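Colleague: Can you walk me through this one? Start with how you define things.

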Amino acid sequence: MYEWIEAADVQYDTYRKQLLRFSGNKETTNFERFVAGAAAGITATITCLPLDTIRSKLVAPGGESLGGVIGAFRHMIQTPFIRA
């Protein structure tokens with residue numbers, strides 16, 4: 001089965017990488033921490049929200065008819081996101 005990416009893992013990894021990129025090994029400023037945290041939150045949201053949506057579609061009734069993760073992704077792309 002697939003191992004799902006946790007948002008907290010993505011967020012923490014991005015935060016640490018951004019801090020190291022900004023400061024190397026020196027002390028970081030509050031602004032650098034703020035920017036690293038913002039980048040981490042945005043990255044985690046952009047990568048994990050579509051995966052959570054696919055997982056929800058797969059476990060919902062009728063989800064097995066989508067044909068797995070790839071089929072659910074295709075269905076998500078082909079179906080309008082906003083329904084009136």
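Modeller: Axes are lines fitted to C-alpha atoms, for helices over the stretch in contact, and angles run from 0 to 180 degrees between N-to-C directions. The model is predicted, so local features need pLDDT of at least 70 and side-chain atom pairs pLDDT 80 or more, while totals for chains, interfaces and linings use all residues. Numbering starts at 1 along each chain as its sequence is written, and side-chain values use heavy atoms, without hydrogens and water.

Colleague: At what angle do α2 and α3 pack?

Modeller: About 105 degrees, with the axes of α2 and helix α3 (residues 68-78) 9 Å apart. α2 and α3 are therefore roughly perpendicular (65 to 115 degrees).

Colleague: Which residues of α2 and α3 make the contact?

Modeller: From α2, Pro-50, Thr-53, Ile-54, Lys-57 and Leu-58. From α3, Gly-68, Val-69, Ala-72, Phe-73, His-75 and Met-76. Contact means heavy atoms within 4.5 Å.

Colleague: Switching to α1. Which residues are buried there?

Modeller: Val-10, Thr-14, Gln-18, Leu-19 and Ser-23 of α1. Buried means under 20% relative accessible area, exposed over 50%, partly exposed in between (1.4 Å probe, protein chains only).

Colleague: What do the buried residues of α1 pack against?

Modeller: They pack against α2 (30-59). The face of α1 turned away from its buried side carries the exposed Tyr-12 and Lys-17.

Colleague: And what comes just after α1?

Modeller: Gly-24, with a positive phi of about 70 degrees.

Colleague: Ile-42, buried or exposed?

Modeller: Exposed, because its relative accessibility is 52%. Ile-42 sits in helix α2. Its C-alpha is 8.4 Å from that of Gln-11, 31 residues away in sequence.

Definitions and conventions: Helix = DSSP H or I, 4+ residues; strand = E, 2+ residues; numbered from the N terminus. Parallel < 35°, antiparallel > 145°, perpendicular 65-115°, else oblique.
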